[in-house]
Amino acid sequence: MTFTNKMCFKKINPKKMKNYKLTSYTKIGIFFTIAMSFFFGCEIQDGFSYKESNSNKPLGVTAWQYIQTHDSLNLMQEAIKLTNTQDLYDVSTGKTFIAPTNEAFKEYLQNNAYQSLSEVPVPILRNALKYHVVNAYVSFDDPDLMESNNPIAYTSQNGQTLFLSHRSNFTGLVNEGTSKQWEIVTSNLKALNGVIHVVSSIVYFSALSSGSDGPDPTVVRDTIFPIADTYVNGGSRSAQNFGADPLLKLKNVTGNGGYDRKSFLMYDLNDFTKEGVIVDLKLEIAVKFTAAKGIDLDVYNVKDTLWTELGLTFDNATLPTTPPVSSIISRKISTFEFDMTDYYKSLDYNGRISLMIDQEAGRDETDEFHSKENTGGFNPPMLIARFASGDTVLNIDKNTGFSLSSGEAYVFSNDILLVSGSPAGDVKFIIKEAPQFGWLVSGASILKVGDSFTQEDVDVMNLLYINNGSGSSDKIVVSAEDKAGANLDNFDIVVTIQ
């Protein structure tokens, strides 16, 4: 069965992986699955559809042959030829191929200021393609693969991790739980040498920060609670106040209609009592319900800090006029956490702050959070600060350098670079001299002099060096610092090119 836009799967054991064959009771099974999803409250996305193949047999061709015969994948075919990776798609077996459409490559070219694929350096293009090939056969029509919002880690051909998962409405996702995720638009195209899933964007790995939660004797935490929280409702309820409600509600349909709701919070930063340097600040909200459509949830700074909990309405609320200060993507979890560190550092005062939470315009997702008035024992919305004493000392535990073949890529890990003394997310490396014979890449970005990466990027393999096919040795010159002010002078990371 081939699914378009929707699919279902859960964590798999590669040793037990199988090519599932639908029985003659396919239609009954589909009806039962849909009925059960409604019974358990699964929200079906508008425009839900799936495309069933005429038979459940494989395509009868290799992935490379399939790509060559479909016009929507013409640019992928061109990229494969430019990078001479045909064998990866034609000869290798047991793979999962993530296939970007022509529109995906056009977007990639535009975002990176290239006029054509031939302008993209071959090593960079080759590395991008290799990230789209997973070293396991993952077909989403296996009945064991049903659990939603459960991203599973797989190793790609370039050595980095690629996550696969799906929402409760069966839309498949690439890299859910990282700082950037993508929908799969067509899945389960079974080639002779693997399975193909089509995406409308070039995907990449960009790790979500862990928040540096590891124990550290130099770090203390402090939590403050809102002095006011409420939500406002548009339309016919625009003059009504909801300050006594145990819930904070969120929904964006038209922006100001009867179904539109925005949540407001007010804090006094002077309520923090711990001493030290605030190195992290997060807004933590307990979730009662979320439809988890995978949309943007945004926190905005609001200039008005004089509104009252029992007086605020949609009609008298001051709405933000500046971009969001923090954003996350909705998913099925019990607590939403927004990183407010950069916002805090941008403030030039230490008093009251007012925040508004809204969602991506017109996406019509139902979200409900526990307010400070809740009586169910749930935490109220909290601002949680992490303090450092300011007397940290950084140490270079490992800096072994690495070697790679000419024109290939190398993924960083803490086996070759490790600086201790502060939590990994706090240790920042600033690039003082970029590599001469290649590129340093984090996510989809080529890092330049003045850019930075963290020890956490290294730990989760979110950083790689790509050689341009020349040179016998290279180096990256970096300095290091942490959020509390400790620093290390410039040092070299040595690259040997074979």
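**Exercise 1. How many helices and strands does the chain have?**

Solution. Helices (H or I, at least four residues) and strands (E, at least two) are DSSP runs, numbered from the N terminus. On that basis the chain has 8 helices and 30 strands. Before going on, please note that this is a predicted model, where local features need pLDDT of at least 70, side-chain atom pairs count only at pLDDT 80 or more, and totals for chains, interfaces and linings use all residues. Residues are numbered from 1 along each chain as its sequence is written, and side-chain values use heavy atoms, with hydrogens and water left out.

**Exercise 2. Work out which residues of helix α5 are buried and which are exposed.**

Solution. Start with the cut-offs: buried means under 20% relative accessible area, exposed over 50%, partly exposed in between (1.4 Å probe, protein chains only).

- Step 1: α5 spans residues 102-111, and N102, A104, F105, Y108 and L109 are buried there. These residues lie on the same side of α5 because they cover an arc of only 160° around the axis, taken from the directions from the helix axis to the C-beta atoms.
- Step 2: recall that an α-helix has 3.6 residues a turn, so residues three or four places apart point the same way.
- Step 3: turn to the face away from the buried side, which carries the exposed residues K106, Q110 and N111.
- Step 4: look just after α5, where A113 takes a positive phi of about 60°.

**Exercise 3. Which residues line the second largest cavity?**

Solution. On a 1 Å grid over the protein atoms alone, a cavity is a set of points where a 1.4 Å probe fits but cannot get out; lining residues have an atom within 4 Å of a point. The lining consists of P100, F105, Y108, L125, A128, L129, H132 and I202. Sorting by element, α5 and α6 each supply at least two residues, and the largest share, 3 residues, comes from α6.

Methods: On a 1 Å grid over the protein atoms alone, a cavity is a set of points where a 1.4 Å probe fits but cannot get out, and a pocket is an open set with protein on both sides within 12 Å along at least five of seven lines; lining residues have an atom within 4 Å of a point.
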